[in-house]
Amino acid sequence: MSISKGIALITGSAQGIGHAIALRLAKDGYDIALNDIPSKYKQLHAVADVIDKSGRRALVLPADVSVEEQVKGMVQEVAQELGGLDVMIANAGVAQLSPLVSTKLEDWERVMNINARGVFLCYKHAAQQMIKQGHGGRIIGASSLAGKMGTPFSSVYCASKFAVRGLTQSAALELGRYGITVNAYAPAYVETPLTAGLLCSEALSADQESATWIANHIMAPPIKHIGQPEDIASIVSYLTSKEAHFITGQCISVDGGICMSS
């Protein structure tokens, strides 16, 4: 086994974008801590097996990122079992499409708890660990194209992803003095289990005007390519590299050219 580049913790890594990030960072030479909700325990272990066979260490950490004690315990276990924490990827998230006027409060709370509070808790406890270690680190969160522009039927999701942008900028200003960079990635539509059913939702089928808007603005990027999890993993790989040490507070679009402003 070659010498590790460090230890990376990726939330929501049982499938989709998180899964691709975990495999990419393992390929880059990191030992990997894998997190997702307890119901995805078997999927996490399947990812861990692939990483173990590649020659890197893997640690499975089922936890709910919206619960502070679980996030705190997860970070502590990574440090104890793998020897520290150098990279935190706060990737876990959920999505739904529903009209603003019929969105339930419990839907708002569910999406915000995971997408915004979960990222906040990961940033907070990863930063505490990295400051204690004293040699910097990389913190990266999951925003979205929906964190840069509003879209129909996405009021709650957009709010959660705009929140990640603001959190990332503020954290970058506070943590730069410790050698910690804080950035976010902003994908458009990416082909994953999470997004598979969204575009076929009842909400869109009942509103042709909004469905047409989404088709014209989201599903027709200048680069004629449906986003893949590996496309996002590639920018995360760069942001964790030595070459990216002077990049912080950014929310980087990976969307085929849909959003061409910051």
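This is a predicted model: local features need pLDDT of at least 70, side-chain atom pairs count only at pLDDT 80 or more; totals for chains, interfaces and linings use all residues.
Strands of a sheet can pair either parallel or antiparallel, through backbone hydrogen bonds. Here, 7 strands make up an open sheet with parallel pairing, and reading across it gives the order β3-β2-β1-β4-β5-β6-β7. The edges belong to β3 (58-62) and β7 (251-254); each has a single partner strand, so one side of each is left without a neighbour in the sheet. On average, neighbouring strands are turned by 20° against each other, direction ignored.

Now for the helices. Helix α1 (residues 16-28) lies across β1 (6-10), β2, β4 (87-90) and β6 (180-187), and runs at about 165° to β2. Helix α5 (residues 155-175) also lies across β6, at about 160° to that strand, and across β5 (137-142) and β7 as well.

That leaves the empty space. Rolling a probe the size of a water molecule over the atoms shows where such space is left. The largest pocket in the model has a volume of about 940 Å³. Its lining counts 45 residues, and the closest to the centre are Val94, Ala95, Tyr157, Leu194 and Thr195. Several elements give two or more residues to this lining, namely α1, β2, α4 (105-133), α5 and β6. Helix α1 provides the largest share, with 3 residues.

Note on methods
Residues are numbered from 1 along each chain as its sequence is written. Side-chain values use heavy atoms; hydrogens and water are left out. Two strands pair if DSSP finds at least two bridges between them. Helices (H or I, at least four residues) and strands (E, at least two) are DSSP runs, numbered from the N terminus. Axes are lines fitted to C-alpha atoms, for helices over the stretch in contact, and angles run from 0 to 180 degrees between N-to-C directions. Contact means heavy atoms within 4.5 Å. On a 1 Å grid over the protein atoms alone, a cavity is a set of points where a 1.4 Å probe fits but cannot get out, and a pocket is an open set with protein on both sides within 12 Å along at least five of seven lines; lining residues have an atom within 4 Å of a point. Grid points are joined across faces, edges and corners, and a volume is the space filled by probe spheres set on the points.
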